[in-house]
Amino acid sequence: MKAVVFDWAGTMVDYGCFAPLAVFLQVFKKRGIELTAAEAREPMGMLKRDHIQALCKMERVAALWQERYGRLPNEADVDELYADFEPMLMATLHEYATPVPGAIELVGRLREQGIKIGSTTGYTREMMNVVAASAKQQGYEPDALVTPSEVPAGRPYPWMCYQNAILLDVYPMNEMVKVGDTTSDMKEGRNAGMWTVGVLKGGSELGLSLEEVTSMPQEELDKRLAIATERLISAGAHYVIEEIGCLDEVLKKIEMRHAGGERP
């Protein structure tokens, strides 16, 4: 493999992907709509306006909106929700850029092998300017960063991955690996023709803090890991790993399959 393209929040930084979660809950609550955490996480990984649009289309959320306002949410409502969301998120983003355990060490090992490091995100460029600067101070800086702001559309479209290939000067796409923690990450990678790997611990699909992961009874944790694994595989993951630091072993398996003529 010539390059690995990582997601940011929930994959390489912000263990548990908590930065956007509280803000999604707050902007809907302001309008009298009580989202559950599971609902708020469902479209995670998408461009944030697209995420809000997806929330508004959820059957239960749309029914609550209809009950309160006498109509279904429309594009103007999405715009208003996003107008509230963006400044609230921007105010706290710098607090959620800490690299997840094992991320910096993994990048070091990949670079020793000559593998380039790319990245995609559901955040806008303005948001990523905050996150990337804070992450860099803490030791994480990929070779390329592409946001939905710089391409025609965000996930699940493959455009950010294609732009990474251009910036990293890597071709073909089947010699690149996409790594992320959401179903939209998996779809993005598969749509780009890349080997695609899902991450569980620290990710949004699992949705647990590091403290919750370490303190939860193993039986309950295993049950939640199994559910998240199935969701990622159903979305197209070739492999699912428990932690980001486990990627090395999967890369070896991918390279063996690739050498044998398999393609994603």
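This is a predicted model: local features need pLDDT of at least 70, side-chain atom pairs count only at pLDDT 80 or more; totals for chains, interfaces and linings use all residues.
Residues are numbered from 1 along each chain as its sequence is written, and side-chain values use heavy atoms, with hydrogens and water left out. Local features need pLDDT of at least 70 and side-chain atom pairs count only at pLDDT 80 or more, while totals for chains, interfaces and linings use all residues.

**Exercise 1.** Determine which residues UniProt lists as "binding site" and how they lie in space.

Step 1. The unreviewed UniProt entry places this feature at Asp7, Ala9 and Asp181. UniProt positions follow the numbering used here, feature names are shortened, and annotations may be inferred rather than shown by experiment.

Step 2. These residues are spread over 175 residues of sequence but cluster in space, with a largest C-alpha distance of 8.5 Å.

Step 3. Asp7, Ala9 and Asp181 are included in the lining of the largest cavity. On a 1 Å grid over the protein atoms alone, a cavity is a set of points where a 1.4 Å probe fits but cannot get out, and lining residues have an atom within 4 Å of a point.

**Exercise 2.** Describe the surroundings of aspartate 181.

Step 1. Aspartate 181 sits in the loop between strand S3 (176-180) and helix H9 (183-191). Helices (H or I, at least four residues) and strands (E, at least two) are DSSP runs, numbered from the N terminus.

Step 2. With a relative accessible area of 0%, aspartate 181 is buried (under 20% relative accessible area, 1.4 Å probe, protein chains only).

Step 3. Not counting residues up to four places away in sequence, the contacts of aspartate 181 include Asp7, Ala9, Thr11 and Leu232; contact means heavy atoms within 4.5 Å.

Step 4. The side chain of aspartate 181 makes a polar contact of 2.9 Å with the side chain of threonine 11. A polar contact is a pair of N or O atoms within 3.5 Å; within protein, one must be able to donate a hydrogen and the other to accept it, and residues adjacent in sequence count only if both atoms are side-chain atoms.

Step 5. The side chains of aspartate 7 and threonine 11 are also joined by a polar contact, of 3.0 Å.

**Exercise 3.** Locate the residues listed as "active site" and state whether each is buried or exposed.

Step 1. UniProt (unreviewed entry) lists Asp7 and Lys48. They span 42 residues in sequence, yet no two of their C-alpha atoms are more than 14.4 Å apart, so they gather at one spot. The lining of the largest cavity takes in both Asp7 and Lys48.

Step 2. Aspartate 7 belongs to the loop between S1 and H1 and is buried at 3% relative accessible area.

Step 3. Lysine 48 lies in helix H3 (residues 48-57) and is buried, also with a value of 3%. Among its contacts beyond four places in sequence are Phe24, Tyr82 and Tyr123.

Definitions and conventions: On a 1 Å grid over the protein atoms alone, a cavity is a set of points where a 1.4 Å probe fits but cannot get out, and a pocket is an open set with protein on both sides within 12 Å along at least five of seven lines; lining residues have an atom within 4 Å of a point. Buried means under 20% relative accessible area, exposed over 50%, partly exposed in between (1.4 Å probe, protein chains only).
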